[in-house]
Amino acid sequence: MKHGFVKTAAATPDIRVADTAYNQEKICECILEAEKLRAKILVFPELCVTGYTCGDLFTQDVLLRNARQALLHIAEFTKEKDMLVFVGLPLCVEGKLYNVAAALNRGEILGFTTKTFLPNYGEFYEMRQFTPGPRTARMIEFEGAQIPFGPQLLFPCRNMEELVVSAEICEDVWSPVPPSIQAALEGATVIVNCSASDETIGKDVYRRELIRGQSARLIAGYVYANAGEGESTTDLVFGGHNIIAENGAVLEEAQRYENDIICSEIDVRRLSGERRKNTTFGGTEERTLFRVPFCLDVEDTELTRKFPRQPFVPQDDGVRAKRCEEILMIQAMGLKKRLAHTHAKTAVVGISGGLDSTLALLVAARAFDLLKRDKKEILAVTMPCFGTTDRTYNNACRMAVKLGATLREVPIGEAVNVHFRDIGHDPADHSVTYENSQARERTQVLMDLANRDGGLVIGTGDMSELALGWATYNGDHMSMYGVNASVPKTLVRHLVKYAADTARDEELKMVLYDVLDTPVSPELLPPREGNIAQKTEDLVGPYELHDFFLYYMVRFGYEPGKIYRLARQTFAGNYEPAVIRKWLETFCRRFFSQQFKRSCLPDGPKVGTVALSPRGDWRMPSDAWASGWLEDLEKE
């Protein structure tokens with residue numbers, strides 16, 4: 001359970017209707033299998049001790065008595081097992097029959113969660129045999145022990161404060177106000193559901209979305225165990241459709257019609273962090289629900305869930321194309337509003353032939369289309385200097401022409417050399433002064449052209465560069481509106497590719513593809529044999545690593561040690577652990593030390609869940625220390 005990962009499992013055992021002795025053995029077999037998987041929380045279907053489809057057999061003393069004995073046997077079987085187990089059975093209390101989920105831990109029965117909403121429509125007739133659970137929990141006597149009985153019982157883990165588990169049963173989650181809502185408001189981070197939901201056409205899709213949506217609404221993990229083969233097929237078929245979800249994402253899903261165990265890790269620390277940030281979630285200070293503590297051993301959970309290498313980029317081609325279109329529209333709409341509001345006569349874009357300036361020019365062109373203005377009013381400025389190569393220069397010029405912008409070339413070499421003489425800098429000294437003088441000269445040219453023509457300078461810098469501070473302060477760091485400010489570098493590439501894939505002009509398409517093939521570079525050092533001499537990723541590290549670090553640090557507040565662990569797993573075979581550690585340390589140092597550049601960012605549109613605007617998503621002091629984060633990484 002290190003780093004907050006709790007391995008959970010949902011199991012559908014092979015059962016026989018009303019054969020409790022057989023069923024208890026199959027349930028115990030599943031417990032053994034889950035133990036081998038190192039599961040800490042295991043959930044079984046509704047009424048699985050007897051079978052859900054017993055009908056009026058639920059009124060028979062023999063069945064109810066045998067169910068109690070089976071439960072005691074299963075509870076005893078968990079005595080040496082390090083897990084919290086939920087199993088469904090019928091339970092007679094004070095002359096009334098209830099549908100309950102028993103929580104078992106280390107040989108003890110911790111509590112009986114009652115079903116609140118009993119379906120009595122269509123194929124369901126539960127109210128014929130069962131009584132809805134009480135409104136509040138109370139203690140009952142069971143086999144000589146006092147045990148909590150009622151709805152919304154909370155099971156907090158003593159040695160992991162973020163882990164609080166609560167159960168509901170089948171129809172409860174289909175109701176207008178599921179019991180899990182109050183449980184989550186009082187701290188439950190994992191909801192389990194013992195269910196018997198039959199299969200009808202299309203029901204699996206609805207069920208999946210229901211569980212996924214409930215996990216999102218509650219900012220919780222949700223473990224759903226469903227009845228399967230073995231239930232009576234007199235009128236119904238059950239598919240064993242088990243689902244494990246976390247905050248709106250399905251982590252694992254069973255193949256229907258195959259009784260099996262599914263397993264995945266729920267990150268309860270992430271869920272707690274999300275709730276802290278979400279002020280509308282709120283929670284409640286008033287504690288009304290019954291709490292029953294339990295213990296689990298803390299260990300280094302082996303992760304089976306996967307983490308995408310590019311978390312900002314959808315993996316599915318269709319979803320990615322739709323996402324790119326939406327982002328381009330958000331960027332263009334932001335710029336459209338700013339141009340209209342300021343009555344700007346032109347948009348001034350510095351173009352280098354690189355990815356970022358290409359995206360900014362594409363966005364400007366789309367904004368002008370939305371404004372129904374002539375794209376000739378876009379001023380695309382190329383400013384060749386000491387590091388400019390023929391490839392990037394030609395791509396920049398051809399692209400500007402094909403997009404219909406007005407191309408302007410302003411060579412800055414002479415102006416920069418004059419500046420070197422003015423400040424007493426040797427042009428042979430290729431230090432940071434040599435590089436930044438070019439960047440600031442370019443920004444001065446753009447700003448002055450915008451002033452002369454009554455326009456706005458459109459910023460090209462992306463969010464990955466902002467995170468690392470990989471920008472010249474008051475150089476490319478500054479603009480009048482930064483359209484790429486919340487677009488990470490890995491996503492910039494896909495946006496440009498989407499534009500290329502959908503371009504109608506073949507020459508423009510070819511230019512954009514060549515931009516995609518060009519190494520990322522600020523081109524501030526002289527070329528070597530005509531080729532780019534300065535490659536950004538050689539200097540600051542691979543952007544796919546930095547975007548991975550950025551996503552999990554800012555979006556979820558993960559500590560560096562946890563990010564390092566996920567990165568080692570995700571990039572295994574691509575980067576050695578030592579390389580990942582090196583660049584993660586670089587990221588942490590630069591992220592803290594370069595906040596001063598983000599504290600005075602130009603305006604720019606937010607496009608995703610991660611953004612670094614000091615006016616919105618990320619408000620950080622410019623003089624904070626990274627020592628705690630670096631120390632956390634050192635522990636790994």
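This is a predicted model: local features need pLDDT of at least 70, side-chain atom pairs count only at pLDDT 80 or more; totals for chains, interfaces and linings use all residues.
1. Start with helix 7 (residues 317-342) and helix 8 (residues 355-371). Their axes come within 8 Å and cross at roughly 65 degrees, and the crossing is right-handed. On the helix 7 side, the residues in contact include Leu 328, Met 329, Ala 332, Met 333, Leu 335 and Leu 339. Helix 8 brings, among others, Leu 359, Val 363, Phe 368, Leu 370 and Leu 371. Sorted by class, the contact has 14 nonpolar, one polar and three charged residues. Glu 325 and Lys 336 in helix 7 and Arg 366 in helix 8 are among the residues that meet there.

2. Now the salt bridges, of which the structure holds 48. One to look at is Glu 265 with Lys 7, where the closest N and O atoms are 2.5 Å apart. This pair links distant parts of the chain: Glu 265 sits in strand 14 (residues 261-267) and Lys 7 in strand 1 (residues 5-11), 258 residues apart. Both Glu 265 and Lys 7 are buried.

3. Arg 309 belongs to the loop between helix 6 (268-277) and helix 7, while Glu 544 is in helix 16 (residues 543-555), so the bridge ties together parts 235 residues apart in sequence.

4. Asp 462 lies in the loop between strand 18 (455-459) and helix 12 (463-468), and Lys 489 is in helix 13 (residues 489-502), so the parts tied together here are 27 residues apart in sequence. Asp 462 counts as buried, at 0% relative accessibility. Lys 489, at 6%, counts as buried too.

5. Arg 38, Lys 40, Asp 82, Arg 106, Asp 297 and Glu 299 are linked by salt bridges.

6. Next, have a look at the open sheet of six strands, with the order 8-9-10-11-12-13 and mixed pairing. Strand 8 (154-156) and strand 13 (249-253) are at the edges; each has a single partner strand, so one side of each is left without a neighbour in the sheet. On average, neighbouring strands are turned by 20 degrees against each other, direction ignored. Helix 5 (residues 203-218) packs on this sheet and touches strand 10, strand 11 (221-226), strand 12 (243-246) and strand 13. The direction of helix 5 makes about 30 degrees with that of strand 12.

7. Within that sheet, strand 9 (residues 164-169) and strand 10 (residues 190-195) run parallel and are joined by five bridges. Glu 168 has Asn 193 in strand 10 as its bridge partner.

8. Finally, two phi values to check by eye. Most residues other than glycine have a negative phi. Glu 94, however, has a positive phi, near 50 degrees. Glu 94 is in the loop between strand 3 (84-93) and strand 4 (96-105), and counts as exposed at 67% relative accessibility. Ile 219 likewise has a positive phi near 50 degrees. Its place is the loop between helix 5 and strand 11, but Ile 219 counts as buried, at 6% relative accessibility.

Key. Residues are numbered from 1 along each chain as its sequence is written. Side-chain values use heavy atoms; hydrogens and water are left out. Axes are lines fitted to C-alpha atoms, for helices over the stretch in contact, and angles run from 0 to 180 degrees between N-to-C directions. Helices (H or I, at least four residues) and strands (E, at least two) are DSSP runs, numbered from the N terminus. A crossing is left-handed if the near helix is turned anticlockwise from the far one by less than a right angle, and right-handed if clockwise. Contact means heavy atoms within 4.5 Å. Ala, Val, Leu, Ile, Met, Phe, Trp, Tyr, Cys and Pro count as nonpolar, Asp, Glu, Lys and Arg as charged, and the others, Gly among them, as polar. A salt bridge is a side-chain nitrogen of Lys or Arg within 4 Å of a carboxyl oxygen of Asp or Glu. Buried means under 20% relative accessible area, exposed over 50%, partly exposed in between (1.4 Å probe, protein chains only). Two strands pair if DSSP finds at least two bridges between them.
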